[in-house]
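Open the model in your viewer and keep the selection tool at hand.

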Amino acid sequence: MNKNHYVAIMAGGVGSRFWPVSKSTYPKQFLDILNTGRSFLQATYDRFAKFTPVENIYIVTSEEYVSLVESQLPQLAKGNILGEPERKNTAPCIAYVSHKVHAENPEANMIIAPSDHLIKNEEAFEKNCLQALSYTDQGDSFVTFGIKPSYANTGYGYIETREANGENISKVNRFTEKPDLETAISFVKKNNYFWNSGIFVWKTESIISAFAEHNPSINSLFESIQETYNTDQENTALKEIYCQCESISIDYAILEKANNVFMIEAEFDWSDLGTWNSAWENFTKNEQKNAVSGKETVVLDSHNCIVHSNDKKLVLVGGVDNLIVVNTPEALLICSKDKEQDIKSYINQIKGTVSETYF
């Protein structure tokens, strides 16, 4: 394994679209929704540990989830679990871990990845990751992985590319965040649009330079605590600057402004598993295309539904189509699959009118 290869796994999200199973106190990255025996976070760690030195794998999460990470990944050194004082989207998270790792190893070449994606064909994933690391090691460039779209998904971001070179690496023209249905349909009809996997590869030196150029306010904050990285003063210094950070995604802060972004078309199967419908796509389904989970769960005369229950009571669903039904001891969700993108909005609408313990 290459000692300069690092991985930062982002694990601070709430996963509200998987409500009511995913709650703020125990969000989806710590859950085993697909019944594999490993949580999303554990599966992500396992995937990278096959080709990355364990001491070079970092988890960036919210302060409130540090203990959850420690319990699920006891083999990871506590110093490799980084707790963010506040949720500020992905740009500050990435700036933090990049500066910290760069202070330890200026030659670091890093993969940034979400903690809650489903990756199949892990040999192909490893191959693509090592290809990307080799490419970024040769110069000042960023690499992401694009997924050939199989349908017009409005919940994914899209990457527009130029023609691929001989190494199956294309220059990125632009990123488009979650288009409307008409736009997504037009993208899928073209050969140079791909789903954005949200996985990025770069040298820490390159991403820090990009922050200095495209978002100097964030970069200067993390640069100002340079002397505290990997010391006992790091957490105190971090709290002082995090509240000053702009809340912004890495896409908006850096990638949409940079002209050195490249894409490898993924050879692995990928899903971001961001919604119950994406879980339905990956569950084993019966002849009526229902995905059913729960010992006391029965679905009759129904089609294309996902019915998930982790409660002891009998759940009977009958005579319906295209529904999401999720039952827990605390809450019950019934929602049209066509409205899955609105679940987060529905939750926001009722917050303040019911107990916060439900969320």
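Which elements each supply at least two residues of the lining of the second largest pocket? Select β5 (118–120), β11 (269–271) and α10 (276–282): each of them does. Helices (H or I, at least four residues) and strands (E, at least two) are DSSP runs, numbered from the N terminus.

Before going on, note that this is a predicted model, in which local features need pLDDT of at least 70 and side-chain atom pairs count only at pLDDT 80 or more, while totals for chains, interfaces and linings use all residues. Residues are numbered from 1 along each chain as its sequence is written, and side-chain values use heavy atoms, with hydrogens and water left out.

**The pocket**

Stay with the second largest pocket and show W195, D269, W270, S271 and N282, which lie nearest its centre among 13 lining residues. A pocket here is an open set of points on a 1 Å grid over the protein atoms alone, where a 1.4 Å probe fits, with protein on both sides within 12 Å along at least five of seven lines; lining residues have an atom within 4 Å of a point. β11 gives the largest share of this lining, 3 residues. The volume is about 230 Å³, taken as the space filled by probe spheres set on the points, which are joined across faces, edges and corners.

**The charged pairs**

Next, display the salt bridges, of which the structure holds 11. Each is a side-chain nitrogen of Lys or Arg within 4 Å of a carboxyl oxygen of Asp or Glu.

Select K28 and D116, whose closest N and O atoms are 3.4 Å apart in a salt bridge. K28 sits in the loop between β1 (5–10) and α1 (40–49), D116 in the loop between β4 (109–114) and β5, 88 residues apart. Both K28 and D116 are buried (under 20% relative accessible area with a 1.4 Å probe, protein chains only; exposed is over 50%, partly exposed in between).

Move to E122 and K50, a salt bridge at 2.7 Å, N to O. E122 belongs to helix α4 (residues 122–137) and K50 to the loop between α1 and β2 (57–62), 72 residues apart. E122 is partly exposed because its relative accessibility is 27%.

Finish at K239 and E63, which form a salt bridge at 2.7 Å, N to O. K239 is in helix α8 (residues 234–242), and E63 is in the loop between β2 and α2 (66–72), 176 residues away. With a relative accessible area of 43%, K239 is partly exposed.
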